[in-house]
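Dear colleague,

I am handing over the structure below, and my notes on what was found in it follow directly after. Please read them with the coordinates open.

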Amino acid sequence: MNRLGNGQSMNVHCQSGDDDLGNQVLADGDEFGWAFSTNTLGTTLFYCNVNWFKNDWFHFDAYSHERDWSRCRSECRWRVSEDGLYLHNQKNGEWEAMPLLRA
């Protein structure tokens with residue numbers, strides 16, 4: 001979810017070891033999503049790189065089975081805003097601040 005405000009667009013490029021979802025440009029307020037199934041080994045990992053307004057690229061793991069299988073019961077929702085990156089925890093209904101690392 002692009003919640004940067006002030007009309008700022010955001011570039012998003014997400015992928016896993018098997019799937020490259022390509023570059024997406026999200027206008028302010030837009031959202032981007034996809035569906036997948038976790039593998040039987042419990043090693044499913046999707047990761048994304050994001051940038052906006054000539055900033056450097058930032059990286060985050062959008063889905064890590066070990067971290068997210070209980071938090072994201074039916075979906076993982078991410079929000080990027082001026083004050084950081086947040087993951088919606090379906091287990092407790094709260095938005096949790098997550099690290100946004102330079103790519």
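Two strands are taken to pair if DSSP finds at least two bridges between them. With that in mind, and bearing in mind throughout that this is a predicted model, strand β2 (residues 10-16) is joined to β3 by 5 bridges, and the two run antiparallel. Within this pairing Gln-15 stands opposite Asp-20 of β3, and β2 and β3 form a hairpin that leaves 3 residues between them.

To set this in context, the secondary structure of the chain amounts to 1 helix and 9 strands, which follow one another along the sequence in the pattern β-β-β-β-β-α-β-β-β-β. As for overall dimensions, a compact globule of 103 residues would have a radius of gyration near 13 Å, and the chain, with 13 Å, agrees with that expectation. The box filled by its C-alpha atoms, taken along the principal axes, is roughly 40 × 30 × 20 Å. Buried residues make up 33% of the 103 residues, and, of the contacts with a separation of 6 or more, 40% are accounted for by residues 24 or more positions apart.

The accessible surface comes to about 6300 Å², and carbon and sulfur atoms hold 46% of this area. The chain carries 9 positive and 15 negative charges, whose mean positions are 5 Å apart.

Next, the open sheet. It consists of 4 strands in the order β1-β6-β7-β8, with mixed pairing. Strands β1 (2-3) and β8 (94-98) stand at its edges, and each has a single partner strand, so one side of each is left without a neighbour in the sheet.

Finally, I looked at two residues in the loop between β3 and β4: Thr-44 and Leu-41. Which of them is buried, and which exposed? Thr-44 has a relative accessible area of 10% and is therefore buried, since the cut-off for that class is under 20%. Leu-41, by contrast, counts as exposed because its relative accessibility is 72%, and the class begins over 50%.

Setting aside residues up to four places away in sequence, Thr-44 touches Phe-36, Ser-37, Thr-38 and Asn-39, and also Tyr-63, Ser-64 and His-65. For Leu-41, the value to hand is a distance to Glu-66, which lies 25 residues away along the chain: their C-alpha atoms are separated by 11 Å.

How values were computed: Residues are numbered from 1 along each chain as its sequence is written. This is a predicted model: local features need pLDDT of at least 70, side-chain atom pairs count only at pLDDT 80 or more; totals for chains, interfaces and linings use all residues. Side-chain values use heavy atoms; hydrogens and water are left out. The radius of gyration is taken over C-alpha atoms; the globule rule is 2.2 Å times the number of residues to the power 0.38. Buried means under 20% relative accessible area, exposed over 50%, partly exposed in between (1.4 Å probe, protein chains only). Contact means heavy atoms within 4.5 Å. Accessible areas come from the Shrake-Rupley method with a 1.4 Å probe; for residues, only the protein chains shown count as cover. Lys and Arg count as positive and Asp and Glu as negative; His and the chain ends are not counted. The place of a charge is taken as NZ of Lys, CZ of Arg, CG of Asp or CD of Glu.
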